[in-house]
Amino acid sequence: MRSYRELFRTPEYTPFFFSFAAQNAALTIGGLSLATLVYRATDSPLLSAVSMFGPQLAQMLGATFFLSGADRLPPRVTLTGINLAFAGCTALLALPGLPIGAIFGVVFLQGLIASLGGGVSGGLLNEILPKSGYLLGRSVFNMVSGLMQVIGFATGGALLALLSPRVCLLLAAALYATAALGIRLGLTARPPRAEGRPSVRATWRTNALLWSSRPRRLVYLGMWLPNGLVVGCESLFVSYDSGSAGALFACAALGMFVGDLSVGRFLPSALRPRLATPLLLLLATPYLFFALRPGMPWAALAAGVASVGFGASLVQQERLMTLTPDELAGHALGLRGAGMLTMQGVAATLAGSVAQLTSPATAMTVMATASILVTSALWAAGRREERRPSVTRPEGESVRRAVRRTP
């Protein structure tokens, strides 16, 4: 599958796509509105940032306890329920007089719910599309996510100039409800991909099984660490140049769009597996330029070029799917998303701490250098893995047999 026309003619892909877009728009508008609400109430940049990125930090905890449900629950019912839960939580955040502690409690709950949603969505996409179309379909989802960030932040900023943050939160809740309706009406009911009931024990067992394979470990680390460290660079755009931060974010989003489009649509399948490491190096290297403290437009150009490297994620996800049996696709992709978002939150905190002690430009250079070193180490480890004698049983088959014994 190489064309977008063929992709959108695939049954159920189009309604799933539009529901995903509505969910991402709600996430962006709701996050910006909540951060604004918290900042006006507390005058605290830290609390404002945590209210916006707090759900990401809760995702790994959710992946530790609840992720077995990604493959053991019916996907349509689960995704509908998740979006309705987000609509309810977002509407709750709009209540006047809600204490700050209660706000962060709701934010934490949203993070736990989101840790399950990413796995269910990823596994369902793997079912809807044939193997040959997964990377193209995933690239379109990545592109619409980036576009919704740009559009959502721009729209959210305009709405906040006209309306109160609480009204904007209610609009975000309505978008979540719309996404739930699109999933309920546009998708067919499917049985769970894996047998058994969701449980903490099953989550731990499957996480351990996925992590036990050295090739999968290297893929997971490659998706979590270099990416997260570069997001730490992006988290300093406001402190680097507050007047141009919007342009920097927009150029970074545009670069990500170009990277996903190029990898998903134009690169030959035979060439893609060799490009993960070069793309990860591209993701970090332009940020070394910030050591010279460039002004606009050079800083924006560097951010845009670097973000093309986010296309490495598509290559890595395709590799992960070849190493994972179909009945664990949702769990594997959910673990990928939870670990990636958690690392982004950790890296943003780390980058801010380094910037507090030095300067934003120095911190961005440090984070980019760390990303390059990690990418190089993972490449070397991958080369050693390729030289190891091959085993007779496929990785996916060993996991499949073990999962059948999981209660």
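Which residues does Arg190 touch, not counting residues up to four places away in sequence? In this predicted model, Arg190 touches Glu12, Pro74, Pro75, Leu124, Glu127 and Ile128, where contact means heavy atoms within 4.5 Å. Residues are numbered from 1 along each chain as its sequence is written, and side-chain values use heavy atoms, with hydrogens and water left out.

Of its 407 residues, 53% count as buried. Here buried means under 20% relative accessible area, exposed means over 50%, and partly exposed lies in between (1.4 Å probe, protein chains only). The protein exposes about 17,600 Å², of which carbon and sulfur atoms supply 68%; accessible areas come from the Shrake-Rupley method with a 1.4 Å probe, and for residues only the protein chains shown count as cover. Among contacts between residues at least 6 apart in sequence, 85% join residues at least 24 apart.

Arg190 is placed in the loop between α8 (165-186) and α9 (200-212). With a relative accessibility of 18%, Arg190 counts as buried. Two salt bridges were found in total, a salt bridge being a side-chain nitrogen of Lys or Arg within 4 Å of a carboxyl oxygen of Asp or Glu. One of them is formed by Glu12 and Arg190, whose closest N and O atoms are 2.9 Å apart. This pair links distant parts of the chain, since Glu12 lies in the loop between α1 (4-8) and α2 and Arg190 in the loop between α8 and α9, 178 residues apart. The side chains of Arg190 and Glu12 are also joined by a polar contact of 2.9 Å. A polar contact is a pair of N or O atoms within 3.5 Å; within protein, one atom must be able to donate a hydrogen and the other to accept it, and residues adjacent in sequence count only if both atoms are side-chain atoms.

Glu127 likewise forms a salt bridge with Arg190, with the closest N and O atoms 3.8 Å apart. Glu127 belongs to helix α6 (residues 100-128), and the two partners are 63 residues apart. At a relative accessible area of 32%, Glu127 is partly exposed, whereas Glu12 is buried at 15%. Through shared partners, the salt bridges join Glu12, Glu127 and Arg190 into one network.

The peptide bond from Met296 to Pro297 is cis, with omega near 5°, and Pro297 lies in the loop between α13 (276-284) and α14 (298-307). Most residues other than glycine have a negative phi, and most peptide bonds are trans.

A search of the whole structure returned 13 aromatic pairs. Rings of Phe, Tyr and Trp (its six-membered ring) pair if their centres lie within 6.5 Å, and planes under 30 degrees apart count as stacked, over 60 as edge-to-face and the rest as tilted. The rings of Phe17 and Phe141 have centres 6.3 Å apart and planes at 65°, so this pair is edge-to-face. Because Phe17 lies in helix α2 (residues 13-42) and Phe141 in helix α7 (residues 134-162), the pair ties together parts that are 124 residues apart in sequence. Phe17 is buried, at 12% relative accessible area, and Phe141 is buried at 2%. A stacked pair is formed by Tyr287 and Phe290, at 5.5 Å centre to centre with 20° between the planes; both Tyr287 and Phe290 are buried. One aromatic cluster comprises Phe8, Tyr13, Phe16, Phe17, Phe18, Phe20 and Phe141.

The search for disulfides, defined as pairs of cysteine sulfur atoms within 2.5 Å, found zero. Cys89 counts as buried at 10% relative accessibility, while Cys251 is partly exposed, with a relative accessible area of 25%.

Terms used. This is a predicted model: local features need pLDDT of at least 70, side-chain atom pairs count only at pLDDT 80 or more; totals for chains, interfaces and linings use all residues. Helices (H or I, at least four residues) and strands (E, at least two) are DSSP runs, numbered from the N terminus.
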